[in-house]
Structure formats: C-alpha cells, structure tokens
Amino acid sequence: MVKINRRDFLRSTSAAAVFAATPGLAYSQVVGGGAPFDDYRALVCVFFFGGNDSFNMLVPRSDTEYGVYAASRQNLAIAQQDLLPITTPGTGTTLYGMHPTMTSLQQLFESGSAAFITNVGPLVEPTSRDDFFNKSVALPPQLFSHNDQQDQWNSLKGNRTSKTGWAGRMTDLIRTNVAGQQMATNASLFGNNLLQSADETIAYVMGPGGPLQFTGFSTTPGEPGFEQRQAFLRILEAQYGSIYERAFAEVQNRAIATADTVTAAIDSRPPPNTIFPQSQLGGQLRTVARLIAARDDLQMQRQVFFVAAGGFDSHDNQNQDQPGLLADISESVSAFYNATVELGVADSVTTFTQSDFGRTLTSNGDGTDHAWGGNQIILGDAVSGGQLIGNYPELRIGGPEDVGGGRFIPSTSADQYAATLAKWFGIPDIDLDIVAPNLANFAVRDLGFMA
Amino acid sequence: MNTRQLLAVIATFTLTAAGCGGGSGGTSQPPPPPPPPPVSKAEAFKVLNQASFGATEAEAQRVIAMGIEGWIDDQLVQPASLQLPHLQSLPRPQFLFELQPDRVDIWFRNGLNGPDLLRQRVAFALSEIMVVSQLGVLGNMTYSLADYYDVLSRNAFGNYRDLIEEVTLHPAMGVYLSMLGNERPDPVLNIRPDENYARELMQLFSVGLVELNLDGSTKLDNLGNPIPTYDQAIIEGFAHVYTGWTYAGAPSFRGAFPTDFNQIIPMQLYPGFHDTGSKKLLNGVELPSGQSGGQDLAAALDNVFNHPNVGPFIAIRLIQRLVTSNPSSGYVQRVAQVFNNNGVGIRGDMGAVVKAILMDDEARPDLAMDLDGKLKEPLLRLTQLWRAYDAQSASGRYPLVASFILFGQGPLQSPSVFNFFSPFYSPPGEIRNSGLVAPELQISSEYQNTYVTNYWFFQTFGLNQTNSDLQEDDIFIDFSEEMAVATNVDALIDMVAGKLLAGDISAALRQEITGIMALIPETETALRAAETIYLIVSSPEYAYQK
C-alpha cells in the first residue's frame, strides 16, 4: 500500500515523477480460507493472438513427408537440416522436428514433460473433406475469422447465444468446492477474455506484473486516506439508474476489494530464481509463478490463469518475424516450467496453448493466411509428454484434410482437448459435456495425455 | 396512431382552438415555423458529450444560443483541423517514431481546442472502425499515421464510398493489413494473394459477417440460422482484386520501401502484379477477366458500398461510438435509411448520417431507460475533464503518448484491427443476462480501471496549477475558480458538478463529498478543490454518458 499525504503531494511533490513510478506499485495481497479439494491444481492457458503458424513449429523431417511439406510451403519452409529432431513414439517411419529456435522446449519434449496435440481445432462433429464441401455436417460458425475462432476456442459454444467460456463453466461447476479461496479461480493477466467468462463466477483481471493498487487510500482507521477510501466505497455502493453505471461500479468494487485484502501474499514469497525472458509473455508467466508461489497464503485449491502474446497474424514478413515469436514461446513456457519445478509444483501445474487457428500451408508471397487446425503445446509433469497426440495431417495441397490452400480440417476437436484438461482439473466425467458441449459428438472423451 | 402522430393532432387542435378563441378574422397567413424548443443546460451537455470531446459550460452556452440543430449544422461545415501539416512543420528527426508524441499532441490539440469539435469526434469514432495503429508495423511511419487520420477527418462528413477508397489506397492501411505489395498468384510456387485486407474490409469496415435487416437485426434462413455475408471464395475474389498496389513512384514493385513522401500519398498500381482473372464478389457479382487494377478496385468497392448491410452496419457502430451501446431497432433503421438515401437520393452521405444520429429522438429521450446511453470511453473521460478545466502544459503540448497504457486506449493506438473493444462485448451479469452489450466495459477491467482512477488522483492532486514543480510537458488542470469558493462546500460542489455533470449530481455523491470536505480545513482550498474533482471524476455517474 503506497500512502501519500495528499497535502504534501499537492504542494511539493513532482507529480510527474511519482506518477511515472506507479506501475511499480503492483502487487496486491490476497488472503485465504479453506477448500474441500485435497490437492492443488492449476491450468495456465497461453493464448497466441493472431493465429500461430504451428505447422512451422512442428514439422515432419523424414524425407518423404518433409518433401510434401516443402512443396506446399515453398519459400516459407524451414530447411530440413535446421529442424530440431524429436523422438515421437508411434509415428512409424515418419519423423518430426521442431522449429530451430525452440531448443528449450525440444529438451522438455525429449525429457517427457511436454507434448504436442496435433491438428486440433474447433469442430462441432467429426468432419471429412466431403462433409465440408457437401455441407453435410454442422461447422463452427465463421471459420477463418480471427475473433470468431478465438471465441470458438474459448467458448466451444458454436452459434449458441450464451457466451460463456469453457474455463468459466469449469469454474462455475467447482465453485462450492473452492469456497474458501480468497481470490477468484480464474485470473487473467491479459484483460477480459471469453475463456474465463462465466454465469456464476467472475474472473479477476490483473496486470502483467500483478494487481494494481489504488493510490492514496489506507485501510487503517486514522491514517490519511482511510476516510477517503470509505467514502469512495460508499459512492460505488449507491443505487444507480443505468446498467452501465452499475457494471462500472461493480468492477471498481472488485478492484478495490482485491487491493484491500492485499497484505503481502506475493511479496512475502521470494521471487523465483528461474530467469524469465524479458518479453510480454515471459513477464506474465513470471507473475503467474509468483502467484502460484503464494497459493497457500491465498488458500487456493484450483486456479486457471490466462496469459497471452500477440503478433502471430503473419500475413507479411513471416520469415523475418516467426523465429522471434517461436523462440519467445519456447523460452517463456520453458522458464515457467522450470519455475514450477523450483516451486515443487511441476506435477500440479499444466500449461496449455490455444490460438485463433493454424495458417495456410500455401504462401501469399511473404506470409500466410487464416486456416483452421493447428498444433498446440501441453507442458507439465502431469502431462504424458514426449509424444504427439492425435493425427498429424498430410501437408499436401489438395490432400485428404485440405479444404483449400492448405487449410486443414482438425482431426482432434478443441472440445476433446478442453475436456481432457477439465477432467484432470477435477471435473467429473458426467459434467464434461457442460464444459465441452460438443464432446458427445466424438467417440473419444479423453485424449489420454494427462496422467 | 403512434405518439408522434398523436402529438401532431393535438398540436393542430390546439392551434385551431386558439384561432377560434382569438376571434380575429382577416387574411390567413401561413404560421411562422415554430421556434425550436429552448435547450436546457443538461441537454446541451448531453449533445456535447455525444458530439465533441467533452461538454464545457462555454460550449453549452453556444448550443443553447444556436439550438441543437443550429449548432450541429454549424459544426458540419467547419473545415478539418489536420495533423500532418503540424508534424511536417517540426524538424525531421532521425527516426519518424520519435514524432509519435507530437502526433498524439496534435490529436489532443485538435480535439480539445479545434473549432471542428464534431468532425474530430467523428474522426475518432471512424478510427475505431477502420483501425490502423501505431503499435506494430506502423510505429516508424508517423507521417503516414497522421495523414491517415487526416483522411478520416476530411471525409468524416463526406461520402462513405470516397472514404473507403481513400482508406483502401492509403499506405498506412496498405502496410497495416498487408495489401501493399500484394501480388497476383503464382500457382507454380503455391503463392496466392494475401487475404488480410479482403477479409477485414468486409468484416470490420463495411458489411460484417452476417446479413442484416435494415434495422440491424440478423437475417435468418428457413432453419433460423444467420446467413453469412460472404464465403471463402468471395474473400479470395477480393484478395485477387487487391493485387498490384504498393508505394507510389517506387523504382520497382518488389523493391518499394517507405519514404517521407510516398507514405502520405495513395498507393499506385503496378499493372504487371495485378491479377487479371475473373473475381467473385458479394451478392453473386463476378468481375470479368481482363480488367485493369483500377477497374477492378472501383467495381469491388462499389460492390461493397452497395451491399444492403452497410447502412445498418455503419449506423450501429457510429451510434454506439457517439450515443448509446444498445440502440433500438427503430433508431438503427432511421439512421440506416439516411445512409441509404440522404433525402436527395444520395447513398453514403456521412454528414447526413451523423446528423440523423444526433437529432434522433432516441439520442436524448424524454423518458430515460436504464439501457440508454453508454459508458464513456476512458480517453473521453480524460478529454472532457481537460476541456472543462482548461488543461495545458508549460510547453503548450499534450504529448501523452502513453495513453494506451494509462487509459487502455489512445489515438491510433489499438492493439489490433479489432479496436480497443468489440461492438459485441457483453460483460457478465445483468447486461449479458439481458442480452445487451457494453463495448467500453471490455477495457474496464479491474486492472485498467485502477490505472485510470490512479490517473485521476495524480491529475487532480498533482497535475494542477498550484504545483510549482511541474515539468514543461506536464498537463495540468486549473481549479483556481474552485479554490476561490472552496470555503463554502456547497458552492464548491455546485461548481465542479456544474462543469462536469451539468449540475446533475446524485445526492449520494454530494453527501460523500460533503463528508470528506468536513475533514479538510477550509483554509486548504486547493486540497478541497482537488478532492472534490477527484471524487466526481472517478464516480460511476461521471463515467456514464447519459
């Protein structure tokens, strides 16, 4: 809590200097209660906004399959000899490699802590190329559109009007199990998002460095700023005539209430020794590690964190931009994994990725356009790592899964992916259809990648 | 009979009755047009918060004197205050990104103090629909960003068809959505045209994803499903249209790079890189093969412009930016009709659209409902405060380039082409449960709200005229008038509420401020003024645009 004597501030302080320092105020404190789960589990969603070109992240390296890839990719292909080899049990003579910048993640794959879900994406029901062109199955609405496909990944709700997210529904289902938690189960470090949106529970949005505190308030009676804080709260609790004022006041109330309960949960724990990349993603994941370190102070039993990175919409300059993007993914999520090892929670924390869509195998000259299925990363010691989950598509233009230009129909649905994670999180099988409403359309309810 | 017709009948009856009662015969003269009803201060504030960067008491007096329609008509003919000439008047720095603070500065200056209040407000709204951003690939193309904004300002009351052509060919948009440098296909290398601009022009700037009725509601097919406006084949058709364009005057198509000069003039066609095949467009139209790039572009933009979705699409977005998050279907339809025909047969007259939005009965309804109005955008809460309190800096500049961090938004500072928030955003709780939306709530997270509220703290207690320690670019407000009355708490609250809320302050807010004032000695006039402004500007009622 930063206390400011208002009069001193008014009279003599260089306001600009003080204001410049405010981002450093950062960390909120959260306090705890009790909960009936007998363990701690956390899911960390890493969202790549714009549509990650994940067929350059995980690439076939055996000659025949690489040849198909290179013929489709042309000037955007990664050189065969540059691919980082990985060992993929069960893929027969087809061998795979990772983008040359992803050495840290390659090591975690080889040591069994990371896996890829291949060609996964939104589906309503199993879909073949004929089904697609004959329109004989229901399809997710507005394929290839950024915001609509982000919404599909996050909500799995198709055209249904109720807009809740699958993590939000998961959180609603367990809300009585975690009643003692003093912070919301869903926490975002990247703004409001549909994934965590729910009917009964509210996600808490903090900044990339953690919660921000209100300036000039005190929670201690008699101190400067105490009466002002009380008045501020009473103003928020007044009756308002418009839906917009009421919604705004609710957010302000939640923000101040969280800041109010902050004592030192995060700051009382030493920061991780693990070095994180100085990137947007690295910074957010470092904060998640600090929040997890404080989980007992917060009496958290279940948490879902939302972090994200942007810049993946590589219509242009893909060969220049992609190495940095993929290197950041590899370094950031690997550092986060290492931090969970340091904290002794590597088997309780599972990181998974989502992105708008995969990208076309064909080039538009110097980049790629919006497609459909793609490859995603799962990471943690509860993951049955060191393997590819699902079918990797034939990367041939006009191949059996291509609907045009190298846009591949997913062979695994985002519903199956979410349900497998939800089951590990503690959602009973009978409730998985609430989390993943299209799950019943698929034969396999559990993809088996969580131990 | 609807209410309006009923009122007309009553008015006629009243006139007739008055005529009889007067008993005067004589020649019949056409009655003079009734004078517009007098405008209250509250109404003047309402229209100014919709139509400018914030109501002030001085401008409210002009609205009252001119009448609302008179004021709008006057605003519609004000020439555009521009950004680029200002940037060009400054020394050329080594890197153009160094001019971003000056670009933000001239945006604030034009918006806060320019004579074209309404034009600047509408240009800002358009910049949230046809988005380009400083954040990303345009960071070092500051001249181009400024010129793009000038395109929006100049065309704010022009024709939408001209606007989308200037937007389409602008190098800032060309770079941002990668139409610049887009080539005809090369089947041997599996290279197809870039679909980025093709998709986003339709989805975000013009027609949207699904077919709309004139009133903005979604058209449904026989099975009750929405009807997509276009499919992948149409995206690809437009992607082929937008081939062959890059910086004007480049030595070669593939060797083009931005210069100070070519980033502020329309892109040029390089015919050898334009696809000459046939192209599938909206509504079953197919462009024939063999057309020039210019012919293809004109036909494609005509095709988009004439799609029946554009009227309701633009109506909803502009109403949401200016007036209310949840317009009635009737309001949308009335504005869309004006888009389709301004009364003299012209489609796309944006000045007429803006006037129809602001003059509609629903813009300032007699009987307010709890879904009327909107949450003010955080940046507009700032500009209103600055206008009301004559904010300035010693340098005369407003280089608040960190706006997107402090407020979650800033001029041409969106995180993506999807703007700071979605027109469809519906926060959990009563708004979503009622099937309503509140776009601005998307950036009203706990985190961002705290940032904004803390800014109010520093603005009121620190960045004010009593601070002797200000840096030359610190933008401070002037509450010396408040200090002069601050010994009288009621007078102080009345003054601040008068400037920020048209005097319409809730009893609860007045009571809490009064309570805090009792803790501050009456000699501490600056502290009293700062606290009062802080509590009002951070209150839900100030955040709300009625």
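Hi everyone, let's start with helix α3 of chain B. The face of α3(B) that is turned away from its buried side carries three exposed residues, B:A58, B:Q61 and B:A65. Before I go on, please keep in mind that this is a predicted model.

So what sits on the buried side? Helix α3 of chain B spans residues 57–66, and its buried residues are B:E59, B:A60 and B:V63. If you look down the axis of α3(B), these buried residues fall within an arc of 105°, so they line one face of the helix. And what do they pack against? The partners of the buried residues of α3(B) are α2 (41–51) and α4 (68–76) of chain B. Just after α3(B) comes B:G67, which takes a positive phi of about 80°.

Staying in chain B, let me show you one residue in helix α7, which covers residues 117–127: B:V122. Is B:V122 buried or exposed? B:V122 counts as buried, because it has 28 C-beta neighbours inside 10 Å, and the cut-off for buried is 20 or more. Setting aside neighbours within four places in sequence, B:V122 is in contact with B:A156 and B:V354. Have a look at B:F53 as well: 69 residues separate it from B:V122 along the chain, while their C-alpha atoms are 9.9 Å apart.

Zooming out, chain B is divided into domain 1, residues 159–308, and domain 2, made up of 374–422 + 431–545. The C-alpha centres of these two domains of chain B lie 42 Å apart.

Next, the contact between the chains. Chain B puts in 70 residues and chain A 71 residues. On the side of chain B that touches chain A, the elements giving two or more residues include α11 (196–206), β5 (374–375), α23 (507–517) and α24 (525–537) of chain B. Which element gives the largest share? That is α20(B), with eleven residues. By type, this side of chain B divides into 31 nonpolar, 25 polar and 14 charged residues.

Last stop, a helix pair in chain A. Helix α4 (residues 103–110) and helix α12 (residues 318–342) of chain A have axes that come within 7 Å and cross at roughly 50°. The two helices, α4(A) and α12(A), are therefore oblique to each other. From α4(A), the residues A:T103, A:S104, A:L105 and A:L108 meet A:S330, A:E331, A:V333, A:S334 and A:Y337 in α12(A). The residues of this contact divide into four nonpolar, four polar and one charged.

Terms used: Residues are numbered from 1 along each chain as its sequence is written. Chains are lettered from A and ligands numbered from 1 in the order in which they are written. This is a predicted model: local features need pLDDT of at least 70, side-chain atom pairs count only at pLDDT 80 or more; totals for chains, interfaces and linings use all residues. Two residues are in contact if their C-beta atoms, placed from the backbone, lie within 7 Å. Helices (H or I, at least four residues) and strands (E, at least two) are DSSP runs, numbered from the N terminus. Ala, Val, Leu, Ile, Met, Phe, Trp, Tyr, Cys and Pro count as nonpolar, Asp, Glu, Lys and Arg as charged, and the others, Gly among them, as polar. Axes are lines fitted to C-alpha atoms, for helices over the stretch in contact, and angles run from 0 to 180 degrees between N-to-C directions. Angles under 35 degrees count as roughly parallel, over 145 as roughly antiparallel, 65 to 115 as roughly perpendicular and the rest as oblique. A residue is buried if 20 or more other C-beta atoms lie within 10 Å of its own, exposed if 12 or fewer, and partly exposed in between; C-beta atoms are placed from the backbone. The arc is that of the directions from the helix axis to the C-beta atoms. Domain bounds come from an automatic or database domain assignment.
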